[in-house]
Amino acid sequence: MSDEPAHVLLIEDNPGDADLVRLRLVESSSDLDVSCVDRLSAGLESINQHQPSLVLLDLNLPDSRRAETFRKVLNKAPGVPIVVLSGQDDEELANKAVHQGVQDYLVKGDFDSKQLSRAMRYAIERQSLLRSLDMSRQQQLKFKDEFLSHVSHELRTPLTSIHQFATLLLDGLAGELNPEQREHLATIYRSANQLRTMIGDLLEATRAEGGKMTVEPRCVRSSDMIHEALAMLRATAQEKGVGLEAGIDSRVPLLYADPDRVSQILVNLVENGIKFTGPEGSVMVKAYLVDADPDFVYISVADTGRGISPEAKSLIFERLYQDPNSIDNSRKGLGLGLYISKELVRLHGGRIWVESELGHGSVFTFTLSLFSLPKILLPVITEAGQLKESLSLVAVQLTPFCNPHVGNWEATRQTCLQLIRACVLPDKDIVLPSPSSGAQGEVFTVVASTDEHGARIVAERIQERLELCRQLKPSCAFRVSSLGLQLPTDRIGKSLEKLVQEVADDITRWLAQGLQPIHISGEQPEMDKSERGAKHNKRGQNE
Ligand code: ADP
């Protein structure tokens, strides 16, 4: 052997068979270090400790039998070559083992030292070849992703200039345009936009592939996201004569999702719906609940277009896939939209699928988690199966100086959120997802594992950080308040889930009332203490 195995592990419980194999091993080479165990458990331990160069494996052992035996070894040591020692009547099983990743097999009592030596050499070389193939594939993928990411970034810069100047000219800022010039410019503008989308998709897909895509869930309304996506695509649909409709079940409660990412998914699906549907057709977006799946909302995008063949249906969520039958002049894109959508839905903990029949339209459906405060609170407010001793709330109320839909309100709220997060302990406190921003601004609430005194300190820290932030000053006013939560005292016979639910209900009540009890700085707000219930009397006095 060119690269002789230094250490062979023989897992065989039959002493006679074990002796015979040892003998063949000695005959085949004088340079082997052989160890033998008669149980799978001992074999797995030995693999763990000594990383053998090769494993000779009997499949029927006292503590494991047949396929389970090789699967466990493959699992434990995916990089170690394995040669199965099969019984005379077990060749079928041995073949199955080879298909599932074992390198080779020998039939017991039916091989000499030469055959054993050849099988071992083959197994080791095959394994090392597979390893280097895998490494070069990984390297190629990495290189390709780096290349794509680099090229996409580089392309974006000049494209942004083309887009900006085309906008400037179209807006008439560089002088009047005649109709012909306007038409040509509009074509440039549309193409630049299309390129921007493709480059954005390439970047997103590269991020998804590298596990770098992220979502930031908040408490959001599905209707807002759906109407927003439809508004964006209404002109495109009208141009093509495709109807756009929404049907949202009014009972759908708030969701826990990243609104920008959900819009991205919706735009992808609706845009595809319009693209693959002819004039007179329609695209319908629905949001509804399913009794059998009560933690999720179902969002579907149905079109009356060309539909998808059964073969294509299993492939369309793959990266870069485009159905060859759907390629015509109307096709624009890279075959990345559904792949990105699938990754985004997965990051939200949901599912996405398609039902379709050629010629009879398609229905794409994805699910998103409903917002559940107890679910979010559970890991933070419990410890060792019990509610923590003390919990408090710190509320940061942001009020924009101007209409948040006009200025860059998203950047302001993100800055604020980051500053708040920097002031809390990641494993002990949680910043609750805030509802989407409205004209009144929004309230970020921290649930902190501390008492009133601790909460006051957290609130002061946040106040200080916000005051020091120059970026926030021109865009919004903020008020920070804190209060201690009185935890349920009557705990006998109540499950942890029930107690967490009670705390969540309590917090929800406070949030619904605006949570403005005490102010660290600024004037005392008006609040109807009596309304807040006897249970909360005088909590969080922050004088
Ligand atoms: P793109 O649309 O950019 O080609 P996607 O990933 O969004 O990429 O879609 C992949 C493929 O799935 C499309 O090329 C098309 O063949 C098929 N497809 C997607 N949506 C629909 C639809 N609503 N109707 C018919 N085919 C569709």
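Predicted model: local features only at pLDDT ≥ 70, side-chain atom pairs only at ≥ 80, totals over all residues.
Start with the charged side chains. The count of salt bridges comes to 17. A handy one to look at sits in helix H3, which covers residues 66-76. Here the side chains of lysine 72 and glutamate 68 pair up in a salt bridge, with 2.6 Å from N to O. The two side chains are also joined by a polar contact of 2.6 Å. Both residues belong to helix H3 and sit 4 residues apart, which is about one turn of the helix. As for the surface, lysine 72 is partly exposed, at a relative accessible area of 35%. Glutamate 68 is partly exposed too, with 39%. Elsewhere, salt bridges with shared partners tie Glu12, Asp17, Asp58 and Lys108 together into one network.

Helix H1, spanning residues 15-28, holds another pair: glutamate 27 and arginine 24, placed 3 residues apart, or about one turn of the helix. These two form a salt bridge in which the closest N and O atoms are 3.5 Å apart. Glutamate 27 has a relative accessibility of 45%, so it counts as partly exposed.

Then there is the pair made by aspartate 38 and arginine 39, whose side chains meet in a salt bridge at 3.8 Å, N to O. That distance makes the list because the cut-off for a salt bridge is 4 Å. Aspartate 38 is partly exposed, its relative accessible area being 39%. Arginine 39 is partly exposed as well, at 36%.

Now for the cysteines. How many disulfides does the count come to? It comes to 0. A disulfide needs the two sulfur atoms within 2.5 Å. Cysteine 423 is also buried, since its relative accessible area is 3%. Cysteine 219 counts as buried too, because its relative accessibility is 6%. In both cases the label follows from the cut-off, because buried means under 20%.

How values were computed
Residues numbered from 1 in each chain as written. Heavy atoms only, no water. Helix = DSSP H or I, 4+ residues; strand = E, 2+ residues; numbered from the N terminus. Buried < 20%, exposed > 50% of the residue type's maximum accessible area, 1.4 Å probe, protein only. Polar contact = N/O pair within 3.5 Å; in protein donor to acceptor, adjacent residues only side chain to side chain.
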